[in-house]
Amino acid sequence: MDIEKVDQIIDKHNSEASSLIQVLLEIQSENRWLPRQILERISEKLEVPLSRIQHIATFYKAFSLIPKGRHEVHICMGTACHVRGAQNVLTAVEDYTGIKPGETDLDLKFSLETVNCLGCCALGPVMEVDGQIHGKISPAETADALKKYE
Amino acid sequence: MPKLNSSAELEKLRDEILSNRDSDQRIITLCSGTACHATGSRSVAAAIEEELEKQGLKDQVIVRKTGCHGFCERGPIIVLYPEGICYLQIEPENIPEIVSQTIKENKILEHLLYIDPSSDEKITREDEIPFYKNQQRLLFGANLQIDPKSIEDYLALGGYKALARALLKMDPGQALEEVKKANLRGRGGGGFPAGIKWEGSRSAPEDTKYVIVNADEGDPGAYMDRSLLEGNPHSVLEGLAIGAYTIGAREGFIYVRQEYPLAVDNINTAIKQAEEYGFLGENILGSDFSFTVKVHQGAGAFVCGESTALMTALEGRAGEPRPKYIRSNIKGLWDKPTVLNNVETWANVPLIINNGAEWFEKYGTETSKGTKIFSLVGKINNTGLVEVPMGMTLRDIIFKVGGGIRGGKKFKAVQTGGPSGGCLPEHLLDLQVGFDELTKAGSMMGSGGMIAMDEDTCMVDVARYFLDFLTDESCGKCVPCREGVKQMLKILTNITEGRGQEGDLELLEELGQVAKEVSLCALGQTAPNPFLSTLQYFRDEYEAHISGKRCPALYCKDLIAYYIDPEECQACQACLKKCPSDAIIGGKKTIHVIDQEKCTKCNTCYDVCPSRFSAVKKISGEPVPPAIPEEERTITRGSKEK
Amino acid sequence: MSKVLLKIDGKEVEAEEGMTVLETAQDEGIGIPTLCHHKKLEPYGACRICTVEAEKNGRSKLVVSCVYPVEKDLEVTTRSEKIDRIRRKILELLLSHAPDSDQLRKLAEEYGANKDRFEKEPSFCIHCGLCVRYCAEVKGKFAVGFINRGSRREINFIPELAATECWNCKECFPLCPTSALQAAYMFTEAQISETPVFEADSK
């Protein structure tokens with residue numbers, strides 16, 4: 001993402017320090033991760049110390065300081081899904097992708113995250129890939145579902 | 001749309017809207033909340049548009065995409081008006097016949113109706129389905145009639161009448177008094193009387209004050225607020241504006257978790273519409289009151305649902321809570337008097353102003369008035385969102401409304417209050433739901449998550465699960481939570497993995513006590529609750545894990561083993577083919593045997609073994625029966641008669 | 001500023017409105033242990049070891065004295081079985097990180113805390129935040145800050161600032177109760193400089 005775009009987003013929020021999180025959310029959504037240079041630019045324009053921005057970027061789960069894979073895999077670990085066996089689904093996905101939650105594989109194909117309730121409890125256990133819900137999924141079915149993604 | 005400047009103008013507009021609506025008008029409502037999107041309501045919506053076009057009915061039938069209806073287990077749901085015919089679990093393939101048969105020829109399609117599992121009776125109308133009949137949907141009922149993107153739908157139901165009444169017929173003190181008299185207690189978890197909270201801010205000698213909607217809804221398994229915000233955003237705005245009026249706030253914030261994009265979208269649309277019509281902005285409805293609202297998104301931190309952490313996040317910082325010695329209704333956001341309330345709390349306000357405190361007090365118990373929306377999920381038959389009056393028993397909610405435990409299993413516990421709450425066992429099922437009643441029993445109301453658990457749920461693992469969640473979500477500032485809860489998790493993990501020791505329970509209790517006594521915020525203070533309540537009601541499970549190295553629910557992987565009963569196995573090879581670790585030895589007519597060395601206990605074989613055989617067994621606390629010798633594993637035809 | 005009369009450990013004391021219980025106690029020479037408190041910094045309320053019991057109108061509660069404002073007729077108790085138990089547990093939890101810290105060891109002796117109660121943790125840092133807050137509030141440099149949350153939280157130096165500002169400052173070093181700070185600094189230094197750390201240190 002080029003610096004002009006970053007500046008545009010910051011200006012849209014009136015360059016207010018309290019809008020820091022909203023600015024970061026927008027950049028994360030468009031750029032899919034937060035490179036160091038962008039954090040430094042935000043620090044400069046909003047007049048907020050870089051260490052504070054780093055704290056925020058690492059405190060909140062929505063932000064990623066490393067590039068994300070082409071496909072974001074989310075496994076719901078909410079209580080309802082948990083009692084319906086979400087842990088086994090997660091283990092199966094970890095085995096297939098070779099990564100743990102919070103990680104991205106070396107091909108930048110999959111990024112894996114656990115989420116705490118997608119609110120589709122009637123479909124538990126749930127695996128979400130790129131926003132698409134795979135409901136009532138069993139551990140054995142996860143490999144087949146993920147094979148379809150390039 | 002010119003701004004409305006008086007109550008008279010509002011009522012005139014309302015009359016116009018209503019006169020343009022024909023009660024005999026054919027309407028198809030399709031539940032389009034996020035949960036139904038997951039079950040495919042988008043493609044159903046597309047099919048409806050296509051079919052109506054095809055059959056030339058586009059101009060005669062109104063399609064209304066509403067928010068959540070609540071019966072998520074059976075979504076997508078269609079309700080046809082004016083009759084109120086309810087069809088469940090609709091797929092795009094069902095649409096052509098719905099249009100040709102029901103819409104064109106008034107014929108009811110029985111195979112799409114709800115069938116009562118006990119009487120086999122087919123039920124036509126939505127409000128006669130037991131799931132809905134046993135509820136009291138004061139708040140949620142409106143979702144069926146409203147397209148969240150249409151302010152006119154909200155106005156048609158009487159929307160913004162309460163705001164007009166408060167601003168133009170009551171002074172701020174009177175409006176506050178009404179909410180106080182109604183004894184509306186916070187629906188976010190704390191249960192603090194809203195009127196008293198508001199009063200504190202109202203009398204604070206500051207010019208700048210704020211109101212906040214807490215739509216962070218972090219409790220896993222709870223999605224009531226999402227459905228209210230998605231399905232009826234104006235009700236929340238109206239309540240917020242009334243609250244702001246009573247305390248003298250001119251700015252409001254809605255803090256929505258970022259994981260709710262549809263809710264963010266719908267509330268933003270609603271705000272724009274409200275501004276257009278003059279329900280927000282300068283001199284609302286011609287009064288002296290001016291009020292604006294901004295939406296802030298969360299960024300993935302459960303702790304930001306805690307009110308002081310939320311305010312810190314609104315200020316653009318990491319969501320670390322602050323000490324509550326000076327209450328935030330006196331010194332809150334930017335140190336100004338701030339009233340923060342939950343989505344459901346705000347949504348109750350217009351009802352109270354419209355109908356009066358006395359009406360509200362008719363519902364509920366002595367100390368818990370009104371209704372509560374619960375997300376009834378887990379091992380339950382009728383998964384969904386239910387709104388019941390306070391005072392209904394847990395038994396009625398779970399069995400009458402919820403339809404009981406799914407899969408014919410036995411009820412074991414119900415968990416309420418999310419990670420701050422506890423598990424209540426069978427002998428407490430007749431407990432009446434209410435703030436104080438649940439707290440006394442060792443749990444709490446919380447935001448409304450209600451998770452049903454059955455005989456296959458390991459209660460020690462439930463405690464471990466919640467501590468795992470909280471360790472991940474802890475902000476890390478104070479020692480009792482950052483270090484103490486983490487140590488509790490370590491001990492519980494050891495217990496579930498067969499490394500429990502004497503003294504573990506005592507150490508857990510000690511750590512839990514310190515966390516309760518001196519943690520910085522409610523996350524740490526309530527963290528021990530799931531452990532303490534499961535210890536209180538299911539102590540035998542803990543002892544089985546620690547001394548017996550046994551998991552009675554047959555769940556904890558390190559304490560169980562899978563084996564195939566040679567008497568039941570029919571060598572169908574279903575498990576053999578699906579086993580991801582190639583751990584099953586056998587063949588077409590050879591009884592299968594699980595290689596214990598290779599087995600990862602993924603549960604796949606248990607899942608896929610046909611129920612008529614049920615040959616895969618789980619065992620805990622004792623050695624796996626030795627496999628029968630190879631020579632005896634061959635099945636000859638006819639030798640296995642059942 | 002109006003005066004507030006309260007009691008600490010039975011002694012009648014006079015404080016000014018707006019003062020905290022800890023400040024008042026310290027002025028009176030009454031000892032309350034602290035780990036994350038520093039007179040030059042805003043009270044932080046993170047270690048919870050300064051917890052005391054405060055009673056008013058017959059109701060007693062546990063409060064964190066470094067952030068609790070004084071109140072008229074408050075009766076504060078700074079030592080009791082309950083308080084000692086809480087302080088002991090906090091110390092045991094922190095000793096799993098820094099069993100050799102002088103400050104912690106002295107307090108451990110006083111409260112009977114067992115440094116082996118919990119398994120040793122891989123990080124020395126006890127998150128008192130003194131370094132981070134000193135750099136922010138006193139120096140205004142923000143060279144070191146927190147990253148991550150929960151038990152994964154740690155202090156982190158901005159490398160460019162560590163190489164320039166910190167080199168000539170190091171005022172935060174003596175504040176660290178465990179030397180985790182010095183270790184973090186050396187680690188950052190080692191990462192950015194090509195010369196081995198001990199050579200650069202002999203400047």
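Helices (H or I, at least four residues) and strands (E, at least two) are DSSP runs, numbered from the N terminus. On that basis chain A has seven helices and four strands. This is a predicted model, in which local features need pLDDT of at least 70 and side-chain atom pairs count only at pLDDT 80 or more, while totals for chains, interfaces and linings use all residues. Residues are numbered from 1 along each chain as its sequence is written, and chains are lettered from A and ligands numbered from 1 in the order in which they are written.

**Chain A**

- Read from the N terminus, the elements of chain A follow the order α-α-α-α-β-α-α-β-β-β-α.
- The C-alpha trace of chain A spans about 50 × 30 × 25 Å along its principal axes.
- Chain A has 150 residues, of which 47% count as buried; a residue is buried if 20 or more other C-beta atoms, placed from the backbone, lie within 10 Å of its own, exposed if 12 or fewer, and partly exposed in between.
- Two residues are in contact if their C-beta atoms, placed from the backbone, lie within 7 Å.
- Among the contacts in chain A with a separation of 6 or more, 61% are between residues 24 or more positions apart.

**Contacts between chains**

- Where chains A and B touch, chain B contributes 46 residues and chain A contributes 36 residues.
- On the chain B side, at least two residues each come from several elements, including helix 2 (34-38), strand 9 (292-297), helix 13 (307-314), strand 11 (371-378) and helix 18 (459-473) of chain B.
- By class, the side of chain B that touches chain A has 19 nonpolar, 20 polar and seven charged residues; Ala, Val, Leu, Ile, Met, Phe, Trp, Tyr, Cys and Pro count as nonpolar, Asp, Glu, Lys and Arg as charged, and the others, Gly among them, as polar.
- Chain C touches chain A through nine residues, which meet eight residues of chain A.
- Strand 6 (residues 144-147) of chain C gives the most to the side of chain C that touches chain A, namely four residues.
- That side of chain C is made up of five nonpolar, three polar and one charged residue.

**A sheet in chain B**

- Four strands of chain B form an open sheet with mixed pairing, in the order 2-1-3-4; two strands pair if DSSP finds at least two bridges between them.
- Strand 2 (61-66) and strand 4 (85-87) of chain B are the edge strands, each pairing on one side only.
- Strand 1 (residues 26-31) and strand 3 (residues 78-81) of chain B run antiparallel and are joined by four bridges.
- B:L30 stands opposite B:I78, which belongs to strand 3 of chain B.

**Domains**

- Domain bounds come from an automatic or database domain assignment.
- Chain B is divided into domain 1 (23-133), domain 2 (159-361), domain 3 (371-457), domain 4 (460-546) and domain 5 (557-633).
- The C-alpha centres of domain 2 and domain 3 of chain B are 27 Å apart, and 15 residues of domain 2 of chain B are in contact with 15 residues of domain 3 of chain B.
- The side of domain 2 of chain B that touches domain 3 of chain B holds four nonpolar, six polar and five charged residues.
- Chain C is assigned domain 1 (3-79) and domain 2 (130-201), with C-alpha centres 32 Å apart.
- Seven residues of domain 1 of chain C are in contact with seven residues of domain 2 of chain C.
- The side of domain 1 of chain C that touches domain 2 of chain C consists of four nonpolar, one polar and two charged residues.
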